[in-house]
Amino acid sequence: MTYTKSEFLDFIMENDVKFVKLTFCDLIGRPRNVSVLSSQLADAFEKGVTVDSVAMTGVGGVDLKLKPVSSLMSILPWRPHSGRVVSVFCNVNNADGTPYACDSMVLLDNEVKKLGALGYKAQVGTECEFYVFKEELDNGLVPFDNAGYCSCAPYDKCENLRREVITSLEDMGLKPISSHHERGRGQNEIDFENADPASAARNLMMFTSAVRNVCALNGTRASFMPRPLGGEPGSGLHLSISLSGNGRDKAADAFAEGVMRRYKEISCFANPTENSYRRLRRDYKIAYSSKRGSALRIFDDKTLLLRTPDSTSNVFTVLALVFAAGREGIENGYKLRKEGAYNDVMFNSIDEALDFADKSEWLRAQIPVVFDDVLGSLKKRAETEKTLDTDLARFEFHSDI
């Protein structure tokens, strides 16, 4: 259900809601929140809740305001029913109440509007892979089962976890469409139906939270790391993008060509950790194809499937950059090159991706003002990650971010 402000406040009163999590996502992909008592919610709507800009960019010193968006409220079904807790996504504003230009939700919203001005709308579907590990970590990371692709119970021991995640998501108002065991031991996938870009990004953030919490309540641990175990397949976040509007097929080709031309620049945001490149450097080249195995897959109906991103990214920012690149392709009438015409390989490390991004004037134009701060935060995270020398240490590090 989509709530108005008054309906939201009524719901809080009528359903014994004690705390409200004001939720947002920083520019490098980490979910953040500030909890307020439900009695303070009306004030939060009116005046906002102050946070330091360090929560967004990693660099502090500027006051920002979180303003709840009533239509983006979700019940947290894994929390107690007495003294309930709900989450509501927030816009990030400047202290004077104007929109913060570098809020990733604003970046994506602006790109959707620019695409709309060209006469096109986009829908996004997500396919997200993740691992489930046993709770005990004394012997390192132990997958929850030894099942394989599309296995069935009793070999697929994650089946009940996925069912509980999906019912939780439905209670939250989200719409998953399918789930199955993936190739890796303890690896799973849950897919969502197409939605507008902002809803798809928000749904993914709530989904990862639901998975982590449901697993924790069942004595297991979830990981969205791109490659938590060296001997097992990597986990990706596949983004399915479809356009509608006059001349859609031609526009989709131009959009795809625009994305391919900016692919390496987007990489450090779509794959922002060193662990990301443990997955990418083994599996992907920058190429498109109608077949499986390419970084960008183009289907007969002109649906685009971007296969390289992973869940350590900020999907709001990734989609904003992808739409900016695709729009550039449409505006310039790019012709889609032949399959196999792209010979670049993915970067071998986050350092290479960051160095490439640092030289991009196009990226600086997409993320104005704070680009250097954001890049600095990504570099700091990469430096910390380099000090970790075991799968377990990397898992604990990624669980924290």
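**Helix pairs, cysteines and backbone in the model**

Biologist: Buried or exposed, which is V369?

Modeller: V369 is exposed, at 81% relative accessible area. The cut-offs, with a 1.4 Å probe and protein chains only, are under 20% for buried, over 50% for exposed, and partly exposed in between.

Biologist: What should I know about the model and the numbering?

Modeller: This is a predicted model, in which local features need pLDDT of at least 70 and side-chain atom pairs count only at pLDDT 80 or more, while totals for chains, interfaces and linings use all residues. Residues are numbered from 1 along each chain as its sequence is written, and side-chain values use heavy atoms, with hydrogens and water left out.

Biologist: Where does V369 sit, and what is its phi?

Modeller: V369 lies in the loop between α12 (361–366) and α13. Its phi is positive, about 70°, although V369 is not a glycine. Helices (H or I, at least four residues) and strands (E, at least two) are DSSP runs, numbered from the N terminus.

Biologist: How do α11 and α13 cross?

Modeller: The axes of α11 (residues 350–358) and α13 (residues 371–386) come within 10 Å and cross at roughly 165°. Axes here are lines fitted to C-alpha atoms, for helices over the stretch in contact, with angles from 0 to 180 degrees between N-to-C directions. The two helices are therefore roughly antiparallel; that term applies over 145 degrees, roughly parallel under 35, roughly perpendicular from 65 to 115, and oblique to the rest.

Biologist: Which residues make that contact?

Modeller: From α11 they are I350, D351, L354, A357 and D358, and from α13 F371, D372, L375, L378, K379, A382 and K386. Contact means heavy atoms within 4.5 Å. By class there are 7 nonpolar, no polar and 5 charged residues. Ala, Val, Leu, Ile, Met, Phe, Trp, Tyr, Cys and Pro count as nonpolar, Asp, Glu, Lys and Arg as charged, and the others, Gly among them, as polar.

Biologist: And α4 with α10, at what angle do they cross?

Modeller: The axes of α4 (residues 104–117) and α10 (residues 315–331) cross at roughly 25° and come within 8 Å. That makes α4 roughly parallel to α10. Their contact divides into 11 nonpolar, 2 polar and 3 charged residues, including L108 of α4 and F323 of α10.

Biologist: New topic: how many disulfides?

Modeller: The structure has 0 disulfides, a disulfide being a pair of cysteine sulfur atoms within 2.5 Å.

Biologist: What is the phi of C150?

Modeller: It is near 60°, a positive value in a residue other than glycine. C150 is in the loop between β6 and α5, and is partly exposed at 40%.

Biologist: Which peptide bond is cis?

Modeller: The bond joining A153 and P154 is cis, with omega about 10°. P154 lies in the loop between β6 (121–134) and α5. Most peptide bonds are trans, and most residues other than glycine have a negative phi.
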